[in-house]
Amino acid sequence: MTAEIVTIGPIAWAVARVPPGRAAAWEELTGWSVQRRKVGAKLASLLDAPAAANLSMSVLMPPAGVGGLLVVESEGTVAPLRTVGWAAAELSTMGLDNICARAAKLGFSIIGPPRTLGSTATIAACQIVDPGGAGLYCSDVRQYAGKARIPKATQEIDRMFIAVLASADLETTRAWYAARFGTTPISDHAVPIPILTEAWASPPDTRWRISSQQLDGDCLVEIDQYPPTTTPRERNAAGLAGGIAAVGFVADRETTLVGTSGERLILVRGASVD
């Protein structure tokens, strides 16, 4: 029997696990609306982390009402870009130099300074990482005129529009998304990615295969091919994966799925949290 295809998009939010006391830095970095609360039992269940209930959380939501961040304070760190699963939340932005300067003052590490992408000359980007290992990619796509449907920033940090997924088997991962969500690749190429080359101590001329899948709501899932021996991300005592622990997608139902790379997808109606 053919599985039902569920349309997903836009990205509702990403769940970022950060060390205690770090949520305030994310609040200041994004400049989005803030709702400080505790992780509810429902969200903890969707995360398959019942022990995460009552952890401190900042719900950061941009004016668009989607593409936000749920910043959960919980112990532990993870080495960025060294495990499979959600590697980063990518944000549509402008003013990359200003963002990097502010991020550095707030304790983030700038692992990729502003530069033009090797894959698309009309996109500039930088990459930053929280001390706990959660990654944020900031991209200025205002000059982009390709076939991907993506939002162009109208403020310095606009909204999350790409969920970046690290996979040890790109083909299998891509087939999993196609079978469940009807996604088709809009790009598939090997490009220089300096932050991955550095993270893996690879030769300087290494090219990394990436493939982006179009979602509704002008969003993408970008699948990055990591070395085949890359291991899954460990969870902490609260049951939360390090870094970007989960990504929520708007759909016509509410459920949670685990992909081929151990990534957690939470389907929600609207961008509601609980």
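**View 1. Helix H1 and its buried residues in the predicted model.** In this predicted model, the buried residues of helix H1 are Ala23, Ala25, Trp26, Glu27, Leu29 and Thr30, where buried means under 20% relative accessible area, exposed means over 50% and partly exposed lies in between, computed with a 1.4 Å probe on protein chains only. Six of the eight residues of H1 (residues 23-30) are buried, so the helix is largely enclosed by the rest of the structure. Helices (H or I, at least four residues) and strands (E, at least two) are DSSP runs, numbered from the N terminus. Just after H1, Gly31 takes a positive phi of about 70°. Residues are numbered from 1 along each chain as its sequence is written. Because the model is predicted, local features need pLDDT of at least 70 and side-chain atom pairs count only at pLDDT 80 or more, while totals for chains, interfaces and linings use all residues, and side-chain values use heavy atoms, with hydrogens and water left out.

**View 2. The open sheet of seven strands.** The strand order of this open sheet is E2-E3-E4-E1-E13-E15-E14, with mixed pairing; two strands pair if DSSP finds at least two bridges between them. Strand E2 (33-38) and strand E14 (255-258) are the edge strands, each of them pairing on one side only. From one strand to the next, the twist averages 20°, with axes taken as lines fitted to C-alpha atoms (for helices over the stretch in contact) and angles running from 0 to 180 degrees between N-to-C directions. Strand E13 (residues 244-250) and strand E15 (residues 264-268) run parallel and are joined by four bridges, and the bridge partner of Gly248 in E15 is Ile266.

**View 3. The open sheet of eight strands.** Here the order is E6-E7-E8-E5-E9-E12-E11-E10, and the pairing is mixed. Strand E6 (109-116) and strand E10 (185-191) stand at the edges with a single partner strand each, so one side of each is left without a neighbour in the sheet. Neighbouring strands of this sheet are turned by 20° against each other on average, direction ignored.

View 4. E11 and E12 form a hairpin with three residues between them, and Gly217 in the turn has a positive phi of about 70°. E10 and E11 also run antiparallel and are joined by six bridges, with Ser187 standing opposite Ser212 in E11.

View 5. Rings of Phe, Tyr and Trp (its six-membered ring) pair if their centres lie within 6.5 Å, and planes under 30 degrees apart count as stacked, over 60 as edge-to-face and the rest as tilted. By this rule the count comes to six aromatic pairs. The ring centres of Trp176 and Phe181 are 5.9 Å apart and the ring planes stand at 75°, so the pair is edge-to-face. Trp176 and Phe181 are both buried, and together with Tyr177 they form one aromatic cluster.

View 6. On a 1 Å grid over the protein atoms alone, a cavity is a set of points where a 1.4 Å probe fits but cannot get out, whereas a pocket is an open set with protein on both sides within 12 Å along at least five of seven lines; lining residues have an atom within 4 Å of a point. The second largest pocket has a volume of about 200 Å³, a volume being the space filled by probe spheres set on the grid points, which are joined across faces, edges and corners. Of its 17 lining residues, the closest to the centre of this pocket are Arg233, Arg235, Ala241, Ala245 and Gly262. Strand E5 (85-93) and E13 each supply at least two residues of this pocket's lining. The count comes to one cavity of 30 Å³ or more, and the largest cavity has a volume of about 80 Å³. Of the 15 residues that line the largest cavity, Pro80, Leu81, Ala87, Gly133 and Arg233 are the closest to its centre.
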